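Subject: Structure handover

Hello,

Please find the structure below. My notes on what was found in it follow.

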Amino acid sequence: RPQREGTLPPYRVPLCLQVAEGLELKDKSRLRYPINGGARLVLTALLVGLAVSAGLPLGALPEMLVPLAFAATLTALIFSFLLYLKALGVPPSALAPGGTSGNPIYDFFLGRELNPRICSFDFKYFCELRPGLIGWGCWVLINLALLIQEAELRGSPSLAMWLVNGFQLLYVGDALWHEEAVLTTMDITHDGFGFMLAFGDLAWVPFTYSLQAQFLLHHPQPLGLPMASAICLINALGYYIFRRANSQKNTFRKNPSDPRVAGLETIPTATGRQLLLLVSGWWGMVRHPNYLGDLIMALAWSLPCGVSHLLPYFYFLYFTALLVHREARDEQQCLQKYGLAWQEYCRRVPYRILPYVY
Ligand SMILES: NC(=O)C1=CN([C@@H]2O[C@H](COP(=O)(O)OP(=O)(O)OC[C@H]3O[C@@H](n4cnc5c(N)ncnc54)[C@H](OP(=O)(O)O)[C@@H]3O)[C@@H](O)[C@H]2O)C=CC1
Ligand SMILES: CC(C)CCC[C@@H](C)[C@H]1CC=C2C3=C(CC[C@@]21C)[C@@]1(C)CC[C@H](O)C(C)(C)[C@@H]1CC3
C-alpha cells in the first residue's frame, strides 16, 4: 500500500525561510506554510532589546494589563465576526467538520472555515503561535515586563520570577523552534477558526498564561536553592517527556522507517489516513504522553509561587480540564478514523494520560 504520510519534509528557500506542506485536505490539495518562528522570536527579542535600550518603559506594561486584555478580547470578537462572514462565501469543502451545525452562535464560536486565508496568508496558522509578536511574544513580553517591574520595585528580580520567566520562555521557544509540528495539531487539521481559537490565541494565552508572574509581582515568594533545584528538575522531566513524545510521533508520522523509530512496535490500520499506530515507546506508555509532560511542566510553573494561594495554580487546573476534554475529542476522532485498530490500541495501552491512574 502507498504510504499515507503526514507533513512532507520542509524544503529550504532563500533568506533562511522554510516552507512545509500541511496534511491533505478534503479536495486532496495541501496548503503550504512558512516555517520561520525561531527566527521571528530572535528578531522580536532584538527589537525589544533595542526599544528598551532606547528608553521604552517596558516596566510600565503591567499597569496596562487590564485595558490591554480588554482590547485583545474586543479585537478577537471583531476578528471572529469577520471570519464568520468570510466563511459564508466559501465552498463546503473548505468548512471545518465541527463548524457547520447550522446554529450561527455555535458555528461562530467553533469557527466555520477550516483554513481561512487571503492569498497565501493563513489567519489560523498565523494566530496559533507564529506571531511571536502578538500572541506568544506578548506572553513572554508580559513576563519580561513583570520581571523588570519587580527589579524596579525590589532592587532585583526574585529567584521565583526568574524560574517562571525561564520555564515559560523555554516553552515558547520550543513551540517556535518546532513550529512545523503545529501543522498536525487538532487545531490546524480539524477545528475551524472561530471565536474560541481567536480569543484563545490573542487574549487568553498572553493574559492568563502569565498569571504566575503577575502573582509574583504582588506576592513575593522566598525560594531557597534546594527547592528551586527540585522545581527545575520537575520542569526538566516534564519538558523531556513532552518533547520526546511529540518528536517521536512527528518523526514516525513523517517517515516510519526513520532509524529513530523503525524499531518500535506498531499496529496496522485498515482505515484512516495513516497506515500504522505506535504501540511501544512513549506512545505505548500512555495514549497521550505529550499531555503528561505538558501537565508536569504546568505544575512546575506554579510551584515557584508557593502553596498559599490558588491563583497561580489556575493554569494547571484549567489546563488539566482542557487536556482531559481534548483527549476525549481526539479519542472520538481516532475511533472514527481507525475503528478496530484504535480499539486494539486502547486495549494494549489502557491509560490515557497518567499511568495507572487515568
Ligand atoms: N499549552 C497549551 O495551552 C496547549 C498545549 N497543547 C499541546 O499541544 C500538543 C499537541 O496536542 P494535540 O494536537 O491535542 O494532539 P497530539 O499531538 O497528541 O495528536 C493526536 C494525534 O496523534 C495521532 N496519534 C495518536 N496516537 C497515536 C499513536 N499511538 N501512534 C501514532 N499516532 C498517534 C493521531 O493522529 P493521526 O493518526 O491522524 O496522525 C491523533 O489524532 C501536545 O503536546 C499538547 O500538550 C495542546 C493544547 C493546548
Ligand atoms: C479560550 C478557551 C478557554 C481555550 C482556548 C484554547 C487555546 C488557548 C489552546 C488550544 C490549543 C492550543 C495550542 C497551543 C497554545 C494554546 C492553544 C491555542 C500551543 C501553541 C502551545 C505550545 C505547544 O508547543 C503547541 C503544540 C505548539 C500548542 C498547540 C496547541
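Where pLDDT is low, the predicted coordinates should not be read in detail.

This is a predicted model, in which local features need pLDDT of at least 70 and side-chain atom pairs count only at pLDDT 80 or more, while totals for chains, interfaces and linings use all residues. Residues are numbered from 1 along each chain as its sequence is written, and chains are lettered from A and ligands numbered from 1 in the order in which they are written.

The average pLDDT of the protein is 87, and 92% of the residues score at least 70. Helices (H or I, at least four residues) and strands (E, at least two) are DSSP runs, numbered from the N terminus. For the complex, the predictor gives an ipTM of 0.96 and a pTM of 0.89.

Domains

The domain assignment gives domain 1 (36-222) and domain 2 (225-358); such bounds come from an automatic or database domain assignment. The centres of the two domains, taken over C-alpha atoms, are 23 Å apart. In the contact between them, 21 residues of domain 1 meet 22 residues of domain 2. On the side of domain 1 that touches domain 2, α6 (159-177) and α9 (211-218) each supply at least two residues. α6 gives the most, with nine residues. By class, this side has 13 nonpolar, seven polar and one charged residues. Here Ala, Val, Leu, Ile, Met, Phe, Trp, Tyr, Cys and Pro count as nonpolar, Asp, Glu, Lys and Arg as charged, and the others, Gly among them, as polar.

Helix α2

Helix α2 (residues 65-87) has 23 residues and spans 32 Å from its first C-alpha to its last, close to the expected 33 Å (1.5 Å times one less than the number of residues). Its buried residues are A72, A76, S80, L83, Y84 and A87. A residue is buried if 20 or more other C-beta atoms lie within 10 Å of its own, exposed if 12 or fewer, and partly exposed in between, with C-beta atoms placed from the backbone. An α-helix has 3.6 residues a turn, so residues three or four places apart point the same way. The buried residues of α2 pack against α3 (104-110), α4 (123-128) and α8 (195-208).

Ligands

A residue is near a ligand if its C-beta atom, placed from the backbone, lies within 6 Å of it. Of the 22 residues around ligand 1, T185, L278, W283, N290 and D294 come nearest. The largest share of that shell, five residues, comes from α12. Nine residues of the shell around ligand 1 are nonpolar, seven polar and six charged.

Around ligand 2, the residues include E128, T185, D187, F199 and W204. Helix α8 supplies the largest share of this shell, six residues. The shell around ligand 2 divides into seven nonpolar, two polar and three charged residues.

Regards

How values were computed
Two residues are in contact if their C-beta atoms, placed from the backbone, lie within 7 Å. pLDDT is the predictor's confidence in each residue, from 0 to 100.
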